[in-house]
Amino acid sequence: MNETKYAVGVDIGTDTVKVVVGHVGGTSSAEETSAVVSEGKVTIIGVGTHKNAGMRKGTIVNLDKTAEAIDRALEKAERMSGYHIDAATVNINGSHIVGLSSRGVVAVGAGGQTIGQDELARVEEAATVVQLPANREILDVTPRSYKLDSQDGIRDPFGMTGVRLEVDAYMITALSPHMKNLEKVLEMTQLTPHHVIVSGLASARAVLDDQLRENGVVLIDIGATTTNVTVFEEGDIIHAAVLPIGSNNITNDLAIGLKTELDIAERVKVEHAVAAPELRRGSETAIAVKVGGGSTAKSIEFSTEVIDEIVEARLAEIFELVNHELKKIKRLAKLPGGAVLTGGGAKLRGIADYAREVLSMNAHVGKLPEFGGMGDKVNDPSFTTVAGLMFLDSEVSAGSANGRGEAGLLSGLMSKLGGMFSGKNKR
Ligand SMILES: Nc1ncnc2c1ncn2[C@@H]1O[C@H](COP(=O)(O)OP(=O)(O)O)[C@@H](O)[C@H]1O
Ligand SMILES: [Mg+2]
C-alpha cells in the first residue's frame with residue numbers, strides 16, 4: 001500500500017541548507033516501513049548542502065537567495081542519489097515561533113459514545129480555537145492527555161466510551177509573514193512540503209528516545225544564529241522556544257575581540273576554541289592559524305586566554321537564556337533526563353561538560369542512529385535537524401497510508417502546506 005520508499009528532509013538553515021535522502025526499505029506495508037524507521041535502519045542515499053545567504057536569525061530575508069540555496073542543495077542530493085526530489089519535510093525556524101498550552105472540550109453524545117477518529121479530530125480542533133493575534137498561525141498541535149468525563153490523564157482515549165471529552169494540547173505558533181515567505185520560497189523551488197516542522201522538534205525526533213522524553217529532557221539545538229530549546233516530560237512536549245542567538249555570535253565576538261577577519265575567527269573557533277579553559281591540553285598560552293598558501297602563507301598567533309574569555313562570555317549568555325526558559329516552566333535544574341545538545345554549535349569542544357555545570361543537570365551531545373549507505377556523511381551534530389526531518393518525512397507518508405492521517409484538522413495555510421500535526425495520533 002505504501003509506495004514511499006524514499007524519505008527526504010530539507011533543513012533550511014541560516015548557515016547552510018542541508019538535504020538528506022533516505023531509503024526506508026522496500027517494504028510494501030506502511031507499518032513495516034515505520035518499524036524500520038524507528039529502529040533507525042535507514043540507508044542514506046543522498047546528501048546535499050549549500051551555503052545559504054538568504055536568511056538572518058533563522059528567518060528568510062531574501063527569497064531568491066534562499067530558493068537558490070535550496071535548489072543547489074537539492075541538485076547535489078539528487079546527483080548523489082539519482083532520485084528526483086519533488087517533495088520533502090522541511091523546517092521553520094526563528095524566534096517568532098512561540099509555543100503555548102491549550103485545552104479543548106467537546107460533547108461526544110448524550111448516551112455515551114465510543115471515541116473514534118472523528119471525536120479525536122473534533123476535540124483537537126476545539127483546542128485550536130484560541131485567541132491568537134491576527135498575524136499569528138498555528139503550526140503544530142500535539143494532544144498530550146485527555147480527560148473523559150471524570151477520568152483524568154488518559155493517554156489515548158480511542159475506543160473508550162464517554163459523554164464529555166477534553167484534551168490538553170501543546171500548540172506551536174508562528175508569525176504569518178514568515179510562514180508566507182517560506183511558502184513563497186518553496187513555490188520557487190517546486191518543492192512540495194509534506195510537512196513543515198519547527199527545527200527543535202525535528203532534532204528531537206532524531207536523537208531523543210522514549211525513555212528520555214518520559215524522564216524529562218531539554219533539547220538544545222545550537223545553530224548559526226538561533227538556539228532551539230525544546231522540553232519534553234512524560235513523553236510529551238511541554239515547552240518550545242527559539243532564542244535569537246547562536247554559534248555565529250561566538251565567531252563575531254572572536255573577530256572583534258581578536259581584531260581579525262570573520263573567516264579566520266571561524267577557524268579559531270572550529271579548530272581551537274573550548275567551552276571551558278580547564279579543557280585545554282597542557283599549558284598552551286597561544287594557538288596559531290595558518291592563512292594563505294604558497295609564498296604568501298603565514299601563521300597568525302592568538303592568545304588562548306583572550307579566546308577563552310570571549311567564548312566563555314557568549315556561551316554563558318546562551319546558557320543563561322536556556323536556564324531562563326527552564327525557569328519559566330519551573331524546570332530549572334530539574335530534568336532527570338538532562339540536556340541533549342545538537343546543531344553545529346554543539347561541536348564546540350567540551351560543550352557537554354560546560355552545559356552540565358551551568359545547567360546543573362546531566363548533559364551530552366546528541367548522537368544520531370546508525371545509518372547505512374552514506375551514513376557517515378550525516379554523522380555530525382549539524383545534521384541532527386535534517387535527519388529528524390527525514391525521519392518525519394517517512395512517518396508522514398506512513399501515517400496517512402495507515403488511515404488516521406493528519407489532513408483536514410486545520411484549514412488555511414496549514415492544509416496548503418500539507419498536514420502539520422507532529423506525529424501523535426498516527427495509526
Ligand atoms: N567544530 C565546531 N565548533 C564550534 N562551532 C561549530 C563547529 N562547526 C560548526 N560550528 C558552528 O555551527 C553553526 C552552524 O550550525 P548549523 O546547525 O549547521 O546551523 P543552522 O542550522 O543555523 O544552519 C555555525 O555557527 C558554525 O560556526
Ligand atoms: Mg542546525
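**View 1. Crossing of helices α2 and α4 in the predicted model**. Helix α2 passes helix α4 in a right-handed crossing, meaning that the near helix is turned clockwise from the far one by less than a right angle. Contact (heavy atoms within 4.5 Å) is made by Leu63, Asp64, Thr66, Ala67, Ile70 and Asp71 of α2 with Asn181, Lys184, Val185, Met188 and Thr189 of α4.

**View 2. Packing of helix α7 against helix α9**. Helix α7 (residues 247-257) packs on α9 at an angle of about 145°, their axes lying 9 Å apart, where axes are lines fitted to C-alpha atoms over the stretch in contact and angles run from 0 to 180 degrees between N-to-C directions. This crossing is right-handed, and in it Asn249, Ile250, Asp253, Leu254 and Gly257 of α7 meet Ile307, Ile310, Val311, Arg314 and Leu315 of α9.

**View 3. Helix α9 and its ends**. The 25 residues of α9 (residues 304-328) should span 36 Å at 1.5 Å a residue, and the end C-alpha atoms are 36 Å apart, which agrees. At the N-terminal end Ser303 caps α9, with a side-chain oxygen 3.2 Å from the backbone nitrogen of Glu305, whereas Lys330, which follows α9, has a positive phi near 60°.

Residues are numbered from 1 along each chain as its sequence is written, and chains are lettered from A and ligands numbered from 1 in the order in which they are written. Local features need pLDDT of at least 70, side-chain atom pairs count only at pLDDT 80 or more, and totals for chains, interfaces and linings use all residues, while side-chain values use heavy atoms, with hydrogens and water left out.

Technical notes. Helices (H or I, at least four residues) and strands (E, at least two) are DSSP runs, numbered from the N terminus. The expected span of a helix is 1.5 Å times one less than its number of residues. A polar contact is a pair of N or O atoms within 3.5 Å; within protein, one must be able to donate a hydrogen and the other to accept it, and residues adjacent in sequence count only if both atoms are side-chain atoms.
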